[in-house]
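Subject: Handover of a structure and notes on its features

Dear colleague,

Please find below the structure that I am handing over to you. My notes on what was found in it follow directly after.

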Amino acid sequence: MIIGKTASDIFEHVRLRVQSGELCPGDSLPPVRELATQLDVNRNTVASAYKRLTDAGIAESRGRNGTIIRGTDAPAQQEGTPPGLALIDLAGGNPSPVLLPDMAVALTSIQLKPRLYGEPPVGDEIGRYGRAWLEEDIDVDFELSLSSGAVDAIERILCSYLIGGDRVAVEDPCFLSSISTIRNNRFLPVGVGMDEEGPCTGLLAEQLASGAQAVIITPRAHNPTGWGLSEQRAGEIRELLIQYPQVLVIVDDHFSLLSTCSYHHVIPPTTRHWALVRSTSKFLGPDLRLAFVASDSETAMRLQQRLNAGTNWVSHILQDMVLATLQSAELSASIQQAKEIYHSRRQVLLSALAGCGIEMSSCHDGLNIWVPLRGQSAPVVMQMAQRGWLVRGGEAFGLSHNCNGLRITVSDLKEESAGIFAETLAALLKH
């Protein structure tokens, strides 16, 4: 039996019963009207308590089917695949290990020295480098921060502004880590359908009008589709966001130095809270995961509070290694070489698939290409595995509709293998 006379009392009583095991995942809570009558309180009191339970992730609203106690979510799908697979891995979404810079070169060029508590969280030299890089694409004053990668920055920024239940507009299909970050923090991801030019402006307008509190946009090398913002679409979105200055806007330019597409800025000067995030993990590798974050001053302050010295600052040794890599002519040349090789491998596979009659977009950037399917991907994924190829089904990336397709990672795909892969896939799709 639930007791309480205020929304806070009802909330705390239900939470206590869940913690004690009296209420279990899947158990239904009484309808709002019924519990209000039982407790002799206003229906709004019960409704408020139920909303708090939902926002806190304790309960889940099923609309007309009532409210139930929420269970532990199944682990979200992640990028990457285990090492040592017998299959040819075209599913992992990873950069190619052989195209990552040799960190031994960076280590020989830096002078390792200990830093103590109280040091500025961003080193002077890497701060100057980051500002010079980012100010090329930003037309307003900004503050520079460093985080432990793009996902880390996005999560900390979202959590500093939003509360449980807030809606976050993202591309649909969506990057797996973005979906996990949003859901794990009890926010609600709402999908904005895409085409080759980026998120569709009309669909984004609908989500903003419906109360989205934040927007995350990938300007180029979108994962999983490989699409990016055209100059015209970026301009349309920028004009749209002028109408919503209160909405938090985060731009995740994760592929930056490896991209073969131009960067088009979508954040208008009127946006109060915003961030442009550029990570190093795609061209330096996940172990040198560091992100440069340009933002307005309040967002920088909130991010700084969540990266406060003594607990969560980005290692100064890591900062030194990243800076040495980016400033080294030899290592910069290896990044440029990786950019050209990834572009070549995308083009080779696209040409091979087109030659086998597989219809798909020719607009691709990043480490992956996207092959749309008419039905569920699972049978195709399984049959390709039986033939020695590991590919990723597209449904995991979808939010508001069935995302039928295959995401194929080209990072390590050799030219001689592309034709064989295309012929194998085409033969399956014909049947």
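Predicted model: local features only at pLDDT ≥ 70, side-chain atom pairs only at ≥ 80, totals over all residues.

Overall form

Taken along the principal axes, the C-alpha atoms fill a box of roughly 75 × 65 × 45 Å. The secondary structure consists of 15 helices and 15 strands. Of the 431 residues, 52% count as buried. The protein exposes about 20000 Å², and carbon and sulfur atoms supply 50% of that area. When contacts between residues at least 6 apart in sequence are considered, 73% of them join residues at least 24 apart.

Helix α1

Helix α1 covers residues 7-20, which makes 14 residues. From its first C-alpha to its last it reaches 20 Å, close to the 20 Å expected at 1.5 Å a residue. Its buried residues are A7, I10, F11, H13, V14 and R17. Viewed down the axis of α1, these buried residues fall within an arc of 165 degrees, so they line one face of the helix. On the other side of α1, L16 and Q19 are exposed. What do the buried residues of α1 pack against? Their partners are α2 (32-39), α3 (43-55) and β2 (67-69). Just after α1 comes G21, which takes a positive phi of about 90 degrees.

Helix α12 (residues 316-327) has 12 residues, which at 1.5 Å a residue should span 16 Å; the end C-alpha atoms are 16 Å apart, so the two values agree. This helix is mostly covered, with 10 of its 12 residues buried. The buried residues are H316, L318, Q319, D320, M321, V322, L323, A324, T325 and L326. They pack against several elements, among them α4 (103-108), α5, β4 (143-147) and α13 (329-355). The list of partners also includes α10 (281-284) and β11 (291-295).

One of those partners, α5, spans residues 124-134 and contains W133. Is W133 buried or exposed? With a relative accessible area of 11%, W133 is buried, because buried means under 20%. Leaving aside residues up to four places away in sequence, W133 touches S256, L257, R278, F283 and F292. R278 stands 145 residues from W133 along the chain, yet the C-alpha atoms of the two are separated by 10.0 Å.

Cysteines

How many disulfides does a search of the whole structure find? The search finds zero. C363 is in no disulfide, and the nearest cysteine sulfur, that of C261, is 8.1 Å away. C363 is partly exposed, with a relative accessible area of 32%. C403 is likewise in no disulfide; in its case the nearest cysteine sulfur belongs to C174 and is 10 Å away. C403 is buried, at a relative accessible area of 4%.

Backbone details

A cis peptide bond joins D172 and P173, with omega at about 10 degrees. P173 is placed in the loop between β5 (167-172) and α7 (176-184). The peptide bond from N223 to P224 is also cis, and there omega is near 25 degrees. P224 belongs to the loop between β8 (214-217) and α9 (231-242).

D40 has a positive phi of about 60 degrees although it is not a glycine. This residue lies in the loop between α2 and α3, and at 64% relative accessibility D40 counts as exposed. R186, which is not a glycine either, has a positive phi of about 70 degrees. Its place is in the loop between α7 and β6 (188-195). At 30% relative accessibility, R186 counts as partly exposed.

Yours sincerely

Methods: Residues numbered from 1 in each chain as written. Heavy atoms only, no water. Helix = DSSP H or I, 4+ residues; strand = E, 2+ residues; numbered from the N terminus. Expected span 1.5 Å × (residues − 1). Buried < 20%, exposed > 50% of the residue type's maximum accessible area, 1.4 Å probe, protein only. Arc of directions from axis to C-beta. Contact = heavy atoms within 4.5 Å. Areas by Shrake-Rupley, 256 points an atom, 1.4 Å probe, with all protein chains shown as cover. Disulfide = S-S within 2.5 Å.
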